[in-house]
Amino acid sequence: MKRSIRLLGLPAALAVAALAVSVSAAAVSASDQGGGTALFVQDNSTDGNGIVAYQRSGDGSLTFLTTYPTGGLGGRQAGAGSDPLASQGSLVRDGGLLLAVNAGSDSITVFRIAGDTLVRTQVVSSGGPFPTSLAAHGNLVYVLDAGGQGFVSGYRVTGDGLQPIAGSTRTLLLGNTTTPFFLSSPAEVGFTPDGEHLIVTTKTHGTVDVFSIGPDGTPSAAPVKNAEAGVPFAFIFNSAGQMVLNFAGTGSLEAFTVNADDTITPAGAPVSDGQAAACWVTPARDFAYVSNTGSNDVSQSRTTSDGAVTLVNPTAASNIPGAIDSDSAGGAFLYVQAGLSSSVHVFRIGPAGSLTLVQVAAVPDGDDQEGIVVA
C-alpha cells in the first residue's frame, strides 16, 4: 500500500506535489477511432521494475496482457506518496522504441514495440544516480538523473539501442542527496519541438534550466537558470511551439517563449485551476489536462497559439485517488494513473473536451506505478 502524504508544515499544494505530467500530442487517428492498439504502464516496483501491457480497444477500454521485466529496479524518492518518482516522462516512446528508467538501479531499459508486444533489447547505465525522466527528439535521447547534484546525459539511438554521447553529461548543481527529497528533486527533462533546446524544471529550487543543443548533440557547457517561483514541474508545447509550464505550488499553467539565448519570457498570463498539487499535464487537441494529485481530479484548460491559457473545467474528472501521470490516445481518449489505487482511469474525450469515464483498469503490482504511454 502507498503511504499517505504528510504535510509536515508545508503548504498543502506543495507537500503533495510529488508529481509530473505525461506528454502525447498526436492528432486523432483511425486506430484511435476504431481498432486501437496498446497501452503501457511502468509499475516501478522496487523489487523488480516491469512494464504492464494492455490491449486497447476501439472504445478506449483496456485488457491486461502481461508484464515485461525491465531488468532493473524501480525507486521511491524520500517523502514521496502518490508519485514515487516525483517526475514526468519516466516512460517515453521514441518511434518504435519504448524507453523506461530504472531509478533503483541507475539504468535505462530499451524495448522494441511490436503492436501490443514488447521485446527488451538493452539495459544501459543512466550515468548518474536515480534517473527519473527521459526526453527524445529524432535520434537523440537525454536522461535526467535526479539524485545528488542532478545531471543530464545524452545518447544516440542506434538500431534497437542507445549509444552514450561522449562529453554530453552536464550537472544542475542542485545539491540533493543520492535518493532525493521529492520536492527538491528536478521534475522533467524535455526538448523544444525544434530540438535546439533541452529544458529541465527544478521544483522548489525555483528554476527552469535551459541548455542549447549543438550540432553534435551535446548541450551547452552550463544551462541558463531562469528563475521561476511556484514550483515549476511539468510542461508541454502549444501549436506555436511555446512551452506551457505547470506550476505545482500555485496550480497554474502559463505559456513561455524559449529564446535563442536559452532565456524564457512569458507569452501569456498564468491561469490557476484552483486544485491541490497540480503537477502533470497532457495535451489533447488544443486542450491541456492537468492531474491534481492532492484533490484527486483532472482539470481541463484550452491553450492557443497566442500564448493564452483558458480554464474550461477545474474538475473535468474526479474520484481519481492520487491522480498522477496521464497520456492521450490521439485526442480521443485520456488515460490517467491513480497513484493511490493501483489503477488507470480511462476517459473518452468529447468534442468540447469533456471527459466521460469508460473504465477503471487494475495495474498488477502497481503500488509504485509511475509512467504511462499510449502506443
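## Overall build

Contacts between residues 24 or more positions apart make up 54% of the protein chain's contacts with a separation of 6 or more. The model is predicted. The protein chain holds two helices and 30 strands. Its C-alpha atoms fill a box of roughly 50 × 45 × 40 Å, taken along the principal axes.

The protein chain has 375 residues, and 59% of them are buried. Its accessible surface comes to about 12300 Å². Carbon and sulfur atoms account for 54% of that surface.

Four strands form an open sheet in the order 26-27-28-29. The pairing is antiparallel. Strand 26 (323–329) and strand 29 (355–362) are the edge strands. Each has a single partner strand, so one side of each has no neighbour in the sheet. From one strand to the next, the twist averages 25 degrees.

Strand 29 pairs with strand 28 (residues 343–349). Seven bridges join the two, in the antiparallel sense. Arginine 348 has threonine 356 in strand 29 as its bridge partner.

## Aromatic pairs

How many aromatic pairs does a search of the whole structure find? There are seven. One of them joins phenylalanine 233 and tryptophan 280. Their ring centres lie 5.8 Å apart, with 65 degrees between the planes, and the pair is edge-to-face. The pair links distant parts of the chain, 47 residues apart. Phenylalanine 233 sits in strand 17 (residues 232–237), and tryptophan 280 sits in strand 22 (residues 278–284). Are phenylalanine 233 and tryptophan 280 buried or exposed? Both are buried.

Phenylalanine 235 and phenylalanine 237 also pair. Why is this pair edge-to-face? The planes stand at 80 degrees, and the cut-off for edge-to-face is over 60. The ring centres are 6.0 Å apart. Phenylalanine 235 has a relative accessible area of 3%, so this residue is buried.

## Around serine 252

Serine 252 belongs to strand 19 (residues 252–258). Its relative accessibility is 8%. Buried means under 20%, so serine 252 counts as buried.

The side chain of serine 252 makes a polar contact of 3.2 Å with the side chain of threonine 250. Which residues does serine 252 contact, leaving aside neighbours within four places in sequence? They are Leu245, Asn246, Phe247, Pro270, Val271 and Ser272.

Key:
Residues numbered from 1 in each chain as written. Predicted model: local features only at pLDDT ≥ 70, side-chain atom pairs only at ≥ 80, totals over all residues. Heavy atoms only, no water. Pairing = 2+ DSSP bridges. Axes fitted to C-alpha atoms, helices over the stretch in contact; angles between N-to-C directions. Phe/Tyr/Trp six-rings, centres within 6.5 Å; stacked < 30°, edge-to-face > 60°. Buried < 20%, exposed > 50% of the residue type's maximum accessible area, 1.4 Å probe, protein only. Polar contact = N/O pair within 3.5 Å; in protein donor to acceptor, adjacent residues only side chain to side chain. Contact = heavy atoms within 4.5 Å. Areas by Shrake-Rupley, 256 points an atom, 1.4 Å probe, with all protein chains shown as cover.
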